[in-house]
Amino acid sequence: MADEKVKTIGEDPDDILLEPIFKTGRGFYITVGILLAIVAWAGIAYMSQLIWGLGVTNLNRPVYWGMYITNFVFFIGISHAGTLISAILRIAKAEWRRAITRSAEIITVMVLFIGAANPFVDMGRPDRLLNPIIYGRFQSPLLWDMVSITTYLTASTVYLYIPMIPDIALIRDRSEGKIRKLVYSILALGWEGTPLQWKVLERLIAIMAIVVIPVAVSVHTVVSYVFAMTVQPMWHSTVFGPYFVAGAIFSGIAALIIAMAVLRKAFNLENYIRRVHFENMSLLLLVMTLLWFYFTFCEYITTFYGAEPVHMAVFWEKFSGRFSPYFWVMCITCFVIPFTILCNKKTRTITGIVIASVSVTIGMWLERFCIIVPTLANPRLPYDRGNYFPSWVEFSEMAGCFAGFILLYVLFTKFFPVISIWEIKEGRKKSVQEVSERVESYLPGLKNEPERAD
Amino acid sequence: MPRWGMVIDLDKCTGCGACIIACNSENNIGLSDPQLFREGRSIRWMDILTIEEGEYPDVKKKIMPRPCFHCDKPPCTKVCPVRATYKGDGGLVGQIYPRCIGCRYCTTACPYTVRYFDWYVPYWPSEMMATLNPDVSVRPKGVVEKCSFCHHRWQKAKELARSENRDMREDDYVPACVESCPGKAMYFGDLDNPQHRVTVLSKSRRASRLLEDLGTEPKVYYLLKGE
């Protein structure tokens, strides 16, 4: 806060939030080491793809897209957790948000890098990376994707950075090393905590919270357009936009819950991330479980009743054909497991909620796979039938994606506090008063105010 | 400007596969092997689709040569992010190999799955390297390729006509598959020329196009079974 004096570590109750930045434990090195090894392995696998060509994957004709594009859609979906949820909670002035917005926003920014990297891994000619910029044609949905993802990345980075400025200034004031002090000074943008600075900061956060919501919704709609704009069976569907957005928020919430549980354990944040956070997020997850079921139902019932042979070929492949294991595991992990756990008060414990979230994450990956591969394996003409199971290179890239994401997250926690310190402090000071004022402003009978006719 | 199209008389097609061989050698298509074929990675710009109907002893085998249809409204060119595929002169759907980024969006967008991807560097035994067609570029790995209606033959025919100081005659330009068909089951020419045999045949009662309901307006017509 503005009137905060420079303190040494240990005097402030919130110092536990700064601990990972100033002290580096063995756990950190081990985690980073393991993650780096996995990323390096993925790098080796990618080298083999560079040398021999995309033949090292198990992609073929007609299944031209497989695990890489599945990962692309999946990770971009995960990115919807953060910024969107944080923005909604900020706009709704939900007080319990204070401890979790930062960790949510980090997910968005970090996972977007991973998601956006996947189409490049999938490219046959990565040396022509700049062609879409040099020769780009905006009639192609891929260009829409590039634009919307870049916009989203910029907006969510700004939205992550702005609320971090007072915390960066706090670290600057406490840092001793010269380089360290310099870096944090630059990042803090001369933050002194003057009233004007606070006013600007709050105004910016409010604006960004409004801006990022439509951007986030549009991003996954555009991702779905890549498929929906073609005439392929079961892709050419108008429900794809909202279906993808709902799925993205669904998997995003699950990822956030997992992140919350991990952070809580790793940094001993039981005091900050409490049962109420899991409880509230789990109710949101339950709603999304039902919404996911609704959209999936809509998608498949219209195909079934329309009963066009080319669509039905894909439909039966998913229901009882070669892709039925993926499809039914998806139904169980996306609906049956989370629904059963979250509906029941007894099983809705923190452990239960985390299990449900892991299940949803697996299920949503399978959902993306079930959308992409069965359609490509069953094209309109009945002559070309394909099958697909990823190769070791593709599995390595996927492992690399997960490890890379976690690595970016871990490194972030090394340099910046994972819970917004100033927001916690502000909450302690102001929120009780603010909330009671707010309640008084809309609930009649608390104060003797004459009723106004607005 | 002509609008090149093809008519394939299925009554005359014997399924001999000469068109495939002619296409492969004309267009420098990499050799396939059983392994590649099983993986679904062998490349055939011209292929013969077969479908078996009925049960023994009443079995019917339908055969159907399938080049790229060079649609008038191609779904593949619409989605290309870099204009590596485009509808060019003569209504031909072309592919620019040095520009293609290998995203394979066109291959997934084509409802006829006639587009191919170079999963590896194409391979020929050294003896065959000397016989590659100098008029057609050898594709590198990682790009999409497809039937071009032997576009290079059109270029050559135009240049020949210019050097002889005359207009190009329509039959100067014929793709390799059409030229090599022993049963003369394939016809090629300008669909906008009302006198040409292709135009006449394309309007016959037997003429039909694949997946016509998609509105892609393919320029390859099949003559179905006659009376």
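Predicted model: local features only at pLDDT ≥ 70, side-chain atom pairs only at ≥ 80, totals over all residues.
**Exercise 1. Helix α4 of chain A**

Task: State how many residues of α4(A) are buried, and which helices of chain A these buried residues pack against.

Solution. 
Step 1. The helix runs over residues 82–91 of chain A, and eight of its 10 residues are buried. Helix α4(A) is therefore mostly covered.
Step 2. The buried residues are A:G82, A:T83, A:L84, A:I85, A:S86, A:A87, A:L89 and A:R90.
Step 3. Their packing partners in chain A are α5 (101–122), α7 (141–161), α10 (195–228), α11 (240–266), α12 (275–306) and α17 (421–442).
Step 4. Look just past the helix: A:K93 has a positive phi of about 55 degrees there.

**Exercise 2. The overall form of chain B**

Task: Compare the radius of gyration of chain B with the value for a compact globule, and describe the make-up of the chain.

Solution. 
Step 1. For 227 residues, a compact globule would have a radius of gyration near 17 Å.
Step 2. Chain B has 18 Å, which agrees with the globule value.
Step 3. The C-alpha trace of chain B spans about 55 × 45 × 40 Å along its principal axes.
Step 4. Chain B contains eight helices and 10 strands. Of its 227 residues, 53% count as buried.
Step 5. Consider the contacts in chain B between residues at least 6 apart in sequence: 62% of them join residues at least 24 apart.

**Exercise 3. The interface of chain B and chain A**

Task: Describe the interface by its residues, its buried area and its polar contacts.

Solution. 
Step 1. On the chain B side, 43 residues are in contact with 45 residues of chain A.
Step 2. The size of an interface is often given as the accessible area lost when the parts come together. For chain B and chain A the buried area is about 3600 Å², with 59% of it on carbon and sulfur atoms.
Step 3. The residues of chain B that lose the most area to chain A are B:Y105, B:T108 and B:W119, together 18% of what that side buries.
Step 4. The rule finds 32 residue pairs in polar contact across this interface.
Step 5. On the side of chain B that touches chain A, two or more residues each come from β2 (47–53), β3 (60–66), α3 (75–79), α4 (105–109) and β6 (116–117) of chain B. The largest share, four residues, is given by α4(B).
Step 6. By type, the residues of that side are 26 nonpolar, eight polar and nine charged.

**Exercise 4. Salt bridges**

Task: Find which residues form the salt bridge between chain B and chain A, then examine two salt bridges in chain B.

Solution. 
Step 1. The structure holds 33 salt bridges over all chains, and the count between chain B and chain A is one.
Step 2. Side chains of opposite charge can pair when their charged atoms come close. Here B:R104 pairs with A:D122, and their closest N and O atoms are 2.7 Å apart.
Step 3. A:D122 lies in helix α5 of chain A and B:R104 in the loop between β5 (93–95) and α4 of chain B, so the pair joins two chains.
Step 4. Both partners count as buried: A:D122 at 2% relative accessibility and B:R104 at 1%.
Step 5. In chain B, the side chains of B:D135 and B:K156 meet in a salt bridge of 2.9 Å, N to O. The two residues are 21 residues apart, with B:D135 in the loop between α5 (126–129) and β7 (144–145) and B:K156 in helix α6 (151–163).
Step 6. B:D135 is partly exposed at 35% relative accessible area, and B:K156 is partly exposed at 48%.
Step 7. B:R166 forms a salt bridge with B:E164, at 2.8 Å between the closest N and O atoms. B:R166 is partly exposed at 22%, as is B:E164 at 44%.
Step 8. Salt bridges that share partners also make one network of A:E95, A:R98, A:E426, A:K430 and A:R438.

Methods: Residues numbered from 1 in each chain as written. Chains lettered and ligands numbered in written order. Heavy atoms only, no water. Contact = heavy atoms within 4.5 Å. Buried area = accessible area lost by both parts, 1.4 Å probe. Salt bridge = Lys/Arg side-chain N within 4 Å of Asp/Glu carboxyl O. Polar contact = N/O pair within 3.5 Å; in protein donor to acceptor, adjacent residues only side chain to side chain. Nonpolar A, V, L, I, M, F, W, Y, C, P; charged D, E, K, R; others polar. Buried < 20%, exposed > 50% of the residue type's maximum accessible area, 1.4 Å probe, protein only. Rg over C-alpha atoms; globule rule 2.2 N^0.38 Å.
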